[in-house]
Amino acid sequence: MGWLNWLLIVYLSCSFLIPSTHELQSYQTQLLLQLRKHLEYPPMLDVWENPNGDLCNLSTSHMSIICEDNTVSELKIMGDKLTKVSEFKGFAIPNQTLSESFSIDSFATTLTRLTSLKFLSLMSLGIWGPLPDKIHRLYSLQLLDLSSNFIYGSVPPELSRLVKLSSLTLDGNYFNETVPDWLDSLSKLTTLSLKNNRFTGEFPSSICKIKTLTGIALSHNQLTGKLPDLRTLTSLHVLDLRENKLDSDLPAMPKGLITVLLSNNSFSGKIPAHFGELSRLQHLDLSLNHLTGNPPTTLFSLPNLSYLNLASNKLSGSLPSQLRCSSKLGFVDISSNRFVGGLPPCLNSPSGKVIAKSGGNCLSIDNKNQLPESYCEEAEMEGKQTRGRTIGVLVAIIGGVVLVVGLFLFAFPIFRRRYCSSKTTEQNIVSKVVQDTTPAGVPSEILANARFISQVTKLGTQGAPICSVFSLEELKEATNNFDSSAFMGEGPTGKVYKGRLENGTYVAIRTLALLKKQSIQNLRVRLDLLSKLHHPHLVGLLGHCADGGLVDSSSNKVFLVYEYMPNGTYRSHLSETSPEKVLKWSDRLAILIGVAKAVHFLHTGVIPGTFSNRLKTNNILFDEHRIAKLSDYGMTIITEEIERLDAKGEGTKFCPYKINLEDDIYNFGFILLESLVGPIVTGKREAFLLNEMVSQSSNSYECPVKVISRFSVFQTAHFVVKLLQASFGSQDGRRRIVDPIVLTTCSQESLSIVVSLTSKCISPEPSNRPSFEDILWNLQYAAQVQATADSDLKSDSTN
């Protein structure tokens with residue numbers, strides 16, 4: 001009987017335990033399905049409807065669920081609502097946010113029932129509304145990422161209870177209050193990223209108490225005031241505060257910094273000497289500020305520094321001829337300052353080891369981009385006088401305040417004796433008098449705005465060096481009279497020659513044929529504007545040659561002088577077959593990210609934006625450091641008038657698909673496609689693409705060439721989208737179309753992200769194409785996924 005009782009107890013225990021476990025799984029599943037309903041059934045969650053088995057450990061390129069002990073511990077969803085708007089007023093926007101019926105409060109209520117969540121990432125889902133404070137109920141959270149949504153208002157203080165949180169990312173939303181001052185409650189926080197919002201107020205000093213922080217990104221907000229001493233952040237590696245309105249001196253920095261981005265603020269004063277002691281620093285951008293004085297010479301010789309941008313400040317003095325440059329230094333920009341004297345040899349080496357931009361100064365070098373030395377001396381003297389006047393005004397204000405306070409202290413005893421009976425009333429009056437005597441002036445916010453607007457509107461007229469003007473004789477000498485041995489190739493705009501200038505610098509000289517009469521003055525203004533487009537991934541325009549008063553039928557060429565790119569094109573590298581030269585998937589992603597950054601800069605980093613930039617793999621060139629740079633950009637700045645005349649019928653016949661053909665996003669999609677499959681014009685893949693295209697033409701007995709010739713631009717784009725969807729859906733399809741190098745060096749998740757992005761970029765409908773900001777985000781995400789996969793693979797092989 002004892003054994004029977006024991007068996008009965010075991011049976012009853014199992015009977016109770018099994019339903020309990022099933023109910024727990026069912027409850028979690030129901031919560032996930034409710035979340036899907038709240039998010040209005042986004043297509044990337046269709047797999048939740050009929051999962052093969054449990055939802056746990058389900059993963060696609062846009063979604064992943066991980067469970068621990070039958071509960072959801074990780075939920076990541078990346079949506080497709082990528083478009084951003086300049087004016088968001090807190091209400092639903094059709095096709096961009098979730099609908100008017102969406103309730104962020106109800107959504108949060110359901111979400112917080114998943115109490116075991118440790119990692120939560122909900123990106124680009126169109127979520128809109130103020131962030132509910134009940135989010136703190138997810139007490140186990142270690143990572144929270146709500147990037148690229150439409151969340152506004154303040155960050156609720158209840159989030160300070162998430163004491164396990166190590167990463168907080170709220171980029172690309174519409175938060176419009178101050179940065180929280182309670183962040184030091186998150187004692188385990190390592191990453192704080194609040195980029196691309198509308199945060200106002202000062203940089204909270206409480207952040208300096210979080211000693212675990214490794215990265216701070218608060219760029220593209222409206223922060224003002226002083227930046228505090230950051231030396232207590234001993235673990236900090238990345239500091240990104242670009243494009244704010246911070247207006248203090250540069251503060252003390254922690255010695256472990258690797259990347260410092262402080263451009264486009266209103267920082268003033270000298271660059272502190274201790275910046276030259278940041279031995280781990282690799283990337284420093286202090287451009288577009290009000291910095292003065294001479295930069296520390298040790299800044300240039302920091303052992304790990306590769307990028308240094310000090311452009312568009314008020315730096316002055318001379319750089320010592322014995323200045324030492326770091327062996328890793330590849331790019332330096334000191335343009336548009338007030339430097340005088342010579343350019344140190346390490347910044348002016350004929351070998352071009354360091355790319356140095358120095359125009360817009362008063363340097364005594366053989367360069368037409370320099371201003372007279374008297375200009376810099378006068379500007380420096382004027383600056384000192386202005387600072388003197390400012391000090392004088394401050395002294396006068398302080399003196400006025402002291403005088404008012406002295407009069408008040410003198411008069412108060414008399415008033416007190418005379419009006420003792422009305423003491424309370426007099427105290428109120430005194431209080432008001434003291435408040436009214438506070439010095440009045442223009443608010444710093446208005447001054448900062450005015451300065452920022454000024455910088456943007458002046459770009460293209462005085463913010464960068466003037467374009468060099470070469471004589472035809474100089475170019476003939478550089479190319480040995482345009483000898484055939486200097487001929488490099490011919491593009492749609494004309495021939496390209498390699499040249500060597502008098503100072504030993506190698507250049508690429510492009511001939512540009514102009515079809516219409518155009519005044520030299522107008523042409524030079526446009527060329528000057530083009531020369532001001534500076535970016536690490538753009539081939540720099542150094543100067544031009546356009547002799548005569550009119551460019552007409554007798555003299556219809558202008559010569560453009562560019563940086564020389566010695567290491568070929570992206571297309572040629574994609575065609576490489578030797579193992580030591582092939583581009584792995586991670587290499588291709590790095591190149592694509594660089595080019596996307598350059599195009600994003602052309603679209604949004606200058607006013608007016610530059611579009612139709614002739615994007616193709618042949619126009620992506622590699623410099624001596626194998627850095628990818630975009631060439632042939634901005635040609636519309638020069639040829640705008642010609643193309644406008646052509647569109648009216650005075651030139652070539654206007655094509656209704658011209659806008660699609662010249663759309664940068666559309667063309668970048670084909671660069672992505674070539675990165676996936678290799679150069680499209682190479683034999684086997686061309687045959688495969690054509691065969692697939694012909695197979696799409698069902699019920700046709702025509703010759704394949706005739707079938708192909710009927711495809712319009714719209715049909716071709718539509719076909720390629722269908723082909724991507726069909727071919728990438730199976731292993732066999734991928735083997736047939738994807739470059740074998742890509743297949744053997746990529747992770748499937750990283751590849752899927754880029755495939756999805758490619759199909760969006762070449763969508764036949766322009767309204768369905770992503771912005772370059774979205775393209776850049778997806779490529780960086782794909783690179784991050786790939787880096788994680790490579791790291792895991794390396795770790796597995798080591799073990």
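**Strands, disulfides and a cavity**

Modeller: Let me begin with strand 27, residues 506-513, which is mostly covered: six of its eight residues are buried. Bear in mind that this is a predicted model.

Colleague: Which way do strand 26 and strand 27 pair, and over how many bridges?

Modeller: Strand 26, residues 494-500, pairs with strand 27 in the antiparallel sense, over five bridges. If you want a position to check, K498 stands opposite A508 in strand 27.

Colleague: How many residues sit between the strands in that hairpin, and which one takes a positive phi?

Modeller: The hairpin of strand 26 and strand 27 has five residues between the strands, and G504 takes the positive phi, near 95°.

Colleague: What about strand 31, how many bridges join it to strand 27?

Modeller: Seven bridges join strand 27 to strand 31, residues 557-563, and the two run antiparallel. A513 has K557 of strand 31 as its bridge partner.

Colleague: Changing topic. How many disulfides are there?

Modeller: The count comes to three disulfides. With the bonded cysteines of the chain numbered in sequence order, the pairing is 1-2, 3-4, 5-6.

Colleague: Start with C56 and C67. How far apart are the sulfur atoms, and where does the pair sit in the chain?

Modeller: The sulfur atoms of C56 and C67 are 2.0 Å apart. C56 is in the loop between helix 1 (2-38) and strand 1 (63-68), while C67 is in strand 1, so the pair links distant parts of the chain, 11 residues apart.

Colleague: Left-handed or right-handed, and why?

Modeller: Left-handed, because the torsion about the S-S bond of C56 and C67 is about -90°.

Colleague: And are those two cysteines buried or partly exposed?

Modeller: C56 counts as partly exposed, at 23% relative accessibility. C67 is buried, with a relative accessible area of 15%. The cut-off for buried is under 20%, and that is why C56 at 23% counts as partly exposed.

Colleague: Next pair, C325 and C346. What is the handedness?

Modeller: That disulfide joins C325 to C346 with an S to S distance of 2.0 Å. The torsion about the S-S bond is about 45°, so the C325 and C346 link is right-handed. C325 lies in the loop between strand 19 (314-318) and strand 20 (331-333), and C346 in the loop between strand 21 (338-341) and strand 22 (355-357), so the pair ties together parts that are 21 residues apart in sequence.

Colleague: Is C325 buried or exposed?

Modeller: C325 is buried, with a relative accessible area of 19%.

Colleague: That leaves C362 and C376. Where are they?

Modeller: Their sulfur atoms are 1.9 Å apart, and the link of C362 and C376 is right-handed, with 85° about the S-S bond. C362 is in strand 23 (residues 362-363) and C376 in helix 3 (residues 373-418), 14 residues apart. C362 is buried, with a relative accessible area of 2%, and C376 is buried too, at 2%.

Colleague: I also have C746 and C761 marked. Buried or exposed?

Modeller: C746 counts as buried, at 14% relative accessibility. C761 is buried, with a relative accessible area of 0%.

Colleague: Now the holes. How many cavities of 30 Å³ or more are there?

Modeller: The structure holds five cavities of 30 Å³ or more. About 80 Å³ of space lies in the largest cavity.

Colleague: Which element gives the most to the lining of the largest cavity?

Modeller: Helix 2, residues 104-111, with four residues. The lining includes I104, F107, A108 and L111, and also L122, I127 and I151.

Colleague: Then D133. Where is it found?

Modeller: D133 is in the loop between strand 4 (128-130) and strand 5 (143-145). D133 is partly exposed, with a relative accessible area of 38%.

Colleague: What is D133 in contact with, leaving aside neighbours within four places in sequence?

Modeller: D133 is in contact with P156 and E158. D105 is 28 residues from D133 in sequence and 9.1 Å away in space, C-alpha to C-alpha.

How values were computed: Residues are numbered from 1 along each chain as its sequence is written. This is a predicted model: local features need pLDDT of at least 70, side-chain atom pairs count only at pLDDT 80 or more; totals for chains, interfaces and linings use all residues. Side-chain values use heavy atoms; hydrogens and water are left out. On a 1 Å grid over the protein atoms alone, a cavity is a set of points where a 1.4 Å probe fits but cannot get out, and a pocket is an open set with protein on both sides within 12 Å along at least five of seven lines; lining residues have an atom within 4 Å of a point. Grid points are joined across faces, edges and corners, and a volume is the space filled by probe spheres set on the points. Buried means under 20% relative accessible area, exposed over 50%, partly exposed in between (1.4 Å probe, protein chains only). Two strands pair if DSSP finds at least two bridges between them. Contact means heavy atoms within 4.5 Å. A disulfide is a pair of cysteine sulfur atoms within 2.5 Å.
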